[in-house]
Amino acid sequence: MPQPHTLKITEIFSSIQGEGLRQGEPTLFIRLTGCNLRCDFCDTKYAWKGGQKLCVEEILKRVEKENKKFPSEWVCLTGGEPLIQDVKELIEKLKLNGMKIQIETNATQYQDLPVDWYTLSPKPPEYFFRTEFTDKAKEVKLVVSQELDLEIIQKMRNAFPEKVPILLQPESNQKWSLDKGMELLKTSLIRGLKNIKVSLQLHKIYEIE
Ligand code: SF4
């Protein structure tokens, strides 16, 4: 008998989406374990390793249970990097259950999936992203790290359609990064770049997951 498909999961929890254009909307998070990058500023290092192997049916059961506590029509697959695991079956079944799907990805991996909302977050030093995402991204989120500069923002603006916002997200709402984010916004505007925004992490202000 074929074994059921399993995924390594760090946590499943309901909250609000703290980042990006969907900020403030109730969202159920599935945090997948593992990442192919090792960013210094990563605030989810605990998801790099460990995790629990769960079959898709068990994940769906846990989603249903969580969703009773804090109902949401959105599920966000995050990590770690969710696209280093084969998430197709999970997404298809969540959609059959009427959920809308967001994926937060560093954009280095690609799978052809029925996703409603891709949040891309290319990472330093290369800020590489798979070009299959250029007409699929709903937003591009750049952490305001030590490495981020105007040339990278320009590169992202050139790569994605103007309707896709480039969000400058200060690193964990730290003062130096908040200041740098505002300065980068100003210099982007002076250069004539369109649809660049600063974006704070709402869940950190609320001190929730
Ligand atoms: S890509 Fe994201 S999850 Fe992976 S190390 Fe970087 S910040 Fe952490």
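**Note on the predicted model**

1. Overall architecture. The protein chain has five helices and nine strands. Starting at the N terminus, the order of elements in the protein chain is β-β-β-α-β-α-β-β-β-α-β-α-β-α.

2. Dimensions. For 209 residues, a compact globule would have a radius of gyration near 17 Å, and the protein chain agrees with this because its own value is 17 Å. Along the principal axes, the C-alpha atoms of the protein chain fill a box of roughly 60 × 35 × 30 Å. Of the 209 residues in the protein chain, 35% are buried. When contacts between residues at least 6 apart in sequence are taken, 66% of them join residues at least 24 apart.

3. Strand β1, residues 6-16, is joined to strand β2, residues 26-32, by seven bridges, and the two run antiparallel. Within this pairing, Ile 9 has Leu 32 of β2 as its bridge partner. Strand β1 also pairs with strand β3, residues 52-55, in the antiparallel sense, here over four bridges. Leu 7 is bridged to Leu 54 in β3.

4. The largest nonpolar core. This core holds 19 residues, and those touching the most other members are Leu 7, Ile 30, Ile 59, Val 75, Leu 77, Val 87 and Leu 90. Two or more residues come from each of β1, β2, α1 (56-69), β4 (74-78), α2 (88-96) and β5 (100-105). The most are given by β2, which supplies four residues.

5. Phe 13 in strand β1. The residue Phe 13 lies in strand β1. Phe 13 and Thr 27 are 14 residues apart in sequence, with 8.7 Å between their C-alpha atoms.

6. The surroundings of the ligand. Around the ligand are Cys 35, Leu 37, Arg 38, Cys 39, Cys 42, Thr 44, Gly 79, Gly 80, Glu 81, Asn 106 and Lys 123. Sorted by class, this shell comprises four nonpolar, four polar and three charged residues.

7. Gly 80, one of the residues surrounding the ligand, is found in the loop between β4 and α2. The peptide bond that joins Gly 79 and Gly 80 is cis, with omega about 15°. Tyr 46 has its place in the loop between β2 and β3. Although 34 residues separate Tyr 46 and Gly 80 in sequence, their C-alpha atoms are 8.6 Å apart in space. Tyr 46 is partly exposed because 14 other C-beta atoms lie within 10 Å.

8. The loop between β6 and β7. Pro 125 lies in the loop between β6 (117-120) and β7 (137-144). A cis peptide bond leads from Pro 124 to Pro 125, with omega near 0°. Tyr 127 also has its place in the loop between β6 and β7. Its phi is near 55°, a positive value in a residue other than glycine. Tyr 127 counts as buried because it has 20 C-beta neighbours inside 10 Å.

9. Asn 195. A positive phi of about 55° is found at Asn 195, which is not a glycine. Where does Asn 195 lie? Its place is in the loop between α4 (175-191) and β9 (196-198). Asn 195 is partly exposed because 16 other C-beta atoms lie within 10 Å.

How values were computed:
Residues are numbered from 1 along each chain as its sequence is written. This is a predicted model: local features need pLDDT of at least 70, side-chain atom pairs count only at pLDDT 80 or more; totals for chains, interfaces and linings use all residues. Two strands pair if DSSP finds at least two bridges between them. A residue is near a molecule or strand if its C-beta atom, placed from the backbone, lies within 6 Å of it. Ala, Val, Leu, Ile, Met, Phe, Trp, Tyr, Cys and Pro count as nonpolar, Asp, Glu, Lys and Arg as charged, and the others, Gly among them, as polar. The radius of gyration is taken over C-alpha atoms; the globule rule is 2.2 Å times the number of residues to the power 0.38. A residue is buried if 20 or more other C-beta atoms lie within 10 Å of its own, exposed if 12 or fewer, and partly exposed in between; C-beta atoms are placed from the backbone. Two residues are in contact if their C-beta atoms, placed from the backbone, lie within 7 Å. A nonpolar core is a set of buried Ala, Val, Leu, Ile, Met, Phe, Trp, Tyr and Cys residues joined through C-beta atoms within 7 Å.
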